[in-house]
Amino acid sequence: MNLPPAQKTQDVALGSQPIQEVCEWLLDRKTHLASYGAEPVVLAEDSESADVTAELVDVGAGTSDGDYARKDVKGKIVLVSASPGAVQDLAVGKFGVAGIVSYAQNQKNAWWGEDENLIRWGHLETFTEHKTFAFMVSLKTARGMRERLANGEKITLHAVVKAGQHPGNYEVVTAVIPGADAKLKEEEIAFSCHLDHQRPGANDNASGCVTILEVARTLQKLIAEGKLARPARTIRFIWPPEIEGTLALLNTESPGFSFVCTTKTLSEEDFQKDCGLHHAVGMNNSPIARRLKAVIHMDMVGGGPETKAVFHVTRGPMSLPSFVHDVAWAFADWLNDQSYRYAAGLRSEYPMVAPEGGKEPLRAEYSAYTMGSDHDVYQDSSFGIPAIYMNDWPDRYIHTNFDTAANIDTTKLKRAGFIGAASAYYLAGATTSFPLEEINLGQLSRSIEVQRRLRQVSDSDAMALKRAFVEGENDILDSLPHAARNKIAWGEFKFQTILPIRIINSGIQDKKPATGDGKPMFKRNVSPKGPLVVFGYDYFAEHVKAAGLATPKLMSYEGFWGSGEEYAYEVLNFADGKRNAQEIRDAVSAEYGPVPLEMVVEYLRALEKIGVVAEVK
């Protein structure tokens, strides 16, 4: 389906999407330093066309005026260690630089800077008046050029770029396995990934894209052969551009679909006959966001041992408690045991090892909510769709020229596919029993994490953390769709069977009434919909600047378990018209670490002034 990009003036926190075309090369003494044709990551995203021959000047990081002091850089190409986007406005806008060569290193992890041959995928600013081009080079190449410049050698580069921005559409591929129940088929369980990163991009995110495709093929084959009953609910598969594509999809009111099976574009009749998958026109014309009940999002699920990746089944934010995440963890925990037993030479009925894959145990982690992919959009309070986030982190090759198929473990892809498929099939069923055993398992994991965190905070914040945990566990049980809360064996189940939970549940005091700045209640407005910060565009920053406001201190705050963007995301999500500012502060403090009330209130007031929330009178 082709979706128009959401403009800044619409009720979506997103700007228009640039389309990158092609670059040619960067020459030094007729030697190719960088070639898009050979290594696409060398051209920074949002580069503009150029044909420039200029001297190279080393300006260090390139992010402060001091880096350019006593250096003639106007009309020249600068060599910088910072990301091109962090340099662009200063270098081009103030000092008249013609272009940028960057050797910025990858995201920080234990292996950061060790491999001097890595070339990072770079980005320039999308919405800036200071357009330019930027090439990315390895640390090894940069060191060589810096040494030559330090020895007094003059380096002249010839850069040719053919690239630019123009209006375009988001292309989102989607298909469904229709549900069997006359009523429940109008509800959907979705698989999501993102299909947009620069080559090679094997783990990020070809791995997620191929895995949900294999899940679609496998489920449809088993259903067609009668080995699996058709689920009651519809199962949808979505391949969008990361975050922006998902945001556009969830905001669309009239979806249209076109489908490709293998290499042919097919009619609806032929597509259903050949592929067994269906489009949704005629089934349900309501917006996708209202039909989705849960999402399994896969972003980086195949990193092999060389990547140093740890596989996570990530829970949702505390603002959206749901049993959905515990269902996924139940399957992952079972597979942890099966794969370990196999690796240890013990009996294992289902090790799930691919013919050409590794034999290591899975060792999946059930992790607290982290941001950074499309699951942020689904679980934003505009939509409130629980999302199981399956992901690798760390991955020392993410966004580099070494993120190749050679570093993908097909066994891991198979295991990720199983966890996703089993979770989706369970959630898509017309289940009448309660998954209490699965919730109990997830509850134990969460309680252990809470106990660790209690040691880090003051007594007053410890009480708020305990209360948030208990309320969250109650809300997870309340999220069960199968029956009313009073039908659950409540006294038998609620915080009675597991010692850590009994300890946490003991001695919780009643809330104290809010006073002063903690008393006001805030409620999110209908628009804008979605996270306020997405890749390439910051709705909050732009509107705060236009309103003449200072950036709230919360945006740069560092807590025990989270930082500014995460606090801001959840403060907005918790602004439901029922919680006062003190309760919002306590909630985000339980999730990311204690934060001063005045920072939360300052941020809420800024949101109010730019029309994102309103105070409840």
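Axes here are lines fitted to C-alpha atoms, for helices over the stretch in contact, and angles run from 0 to 180 degrees between N-to-C directions. On that basis, the axes of helix α16 (residues 581–592) and α17 cross at roughly 115 degrees and come within 9 Å. The model is predicted.

**Helix α16 against α17**

- Angles of 65 to 115 degrees count as roughly perpendicular, so α16 is roughly perpendicular to α17.
- The crossing of α16 and α17 is right-handed.
- From α16, the contact uses A581, Q582, I584, R585 and V588.
- From α17, L597, V600, V601 and L604 take part.
- Sorted by class, this α16–α17 contact has seven nonpolar residues, one polar and one charged.

**Helix α15 against α17**

- Helix α15 (residues 564–574) also packs with helix α17 (residues 597–609).
- Their axes are 11 Å apart, at an angle of about 65 degrees.
- That angle makes α15 roughly perpendicular to α17.
- The handedness of the α15–α17 crossing is right-handed.
- A568, V571 and L572 are the α15 residues in the contact.
- On the α17 side they meet V600, Y603, L604 and L607.
- The α15–α17 contact has seven nonpolar residues, with no polar and no charged ones.

**Cysteines C193 and C209**

- A search of the whole structure returns zero disulfides.
- The closest cysteine sulfur to that of C193 belongs to C209, at 3.5 Å.
- A disulfide needs the two sulfur atoms within 2.5 Å, so this pair is too far apart for a bond.
- Seen from C209, the nearest cysteine sulfur is that of C193, and C209 is in no disulfide.
- C193 is buried, with a relative accessible area of 0%.
- C209 is buried as well, with a relative accessible area of 6%.

- R290 lies in helix α6 (residues 288–291).
- Its relative accessible area is 58%, so R290 counts as exposed.
- R290 and F383 are 93 residues apart in sequence.
- In space, the R290 and F383 C-alpha atoms are 8.1 Å apart.

Note on methods: Residues are numbered from 1 along each chain as its sequence is written. This is a predicted model: local features need pLDDT of at least 70, side-chain atom pairs count only at pLDDT 80 or more; totals for chains, interfaces and linings use all residues. Side-chain values use heavy atoms; hydrogens and water are left out. Helices (H or I, at least four residues) and strands (E, at least two) are DSSP runs, numbered from the N terminus. Angles under 35 degrees count as roughly parallel, over 145 as roughly antiparallel, 65 to 115 as roughly perpendicular and the rest as oblique. A crossing is left-handed if the near helix is turned anticlockwise from the far one by less than a right angle, and right-handed if clockwise. Contact means heavy atoms within 4.5 Å. Ala, Val, Leu, Ile, Met, Phe, Trp, Tyr, Cys and Pro count as nonpolar, Asp, Glu, Lys and Arg as charged, and the others, Gly among them, as polar. Buried means under 20% relative accessible area, exposed over 50%, partly exposed in between (1.4 Å probe, protein chains only).
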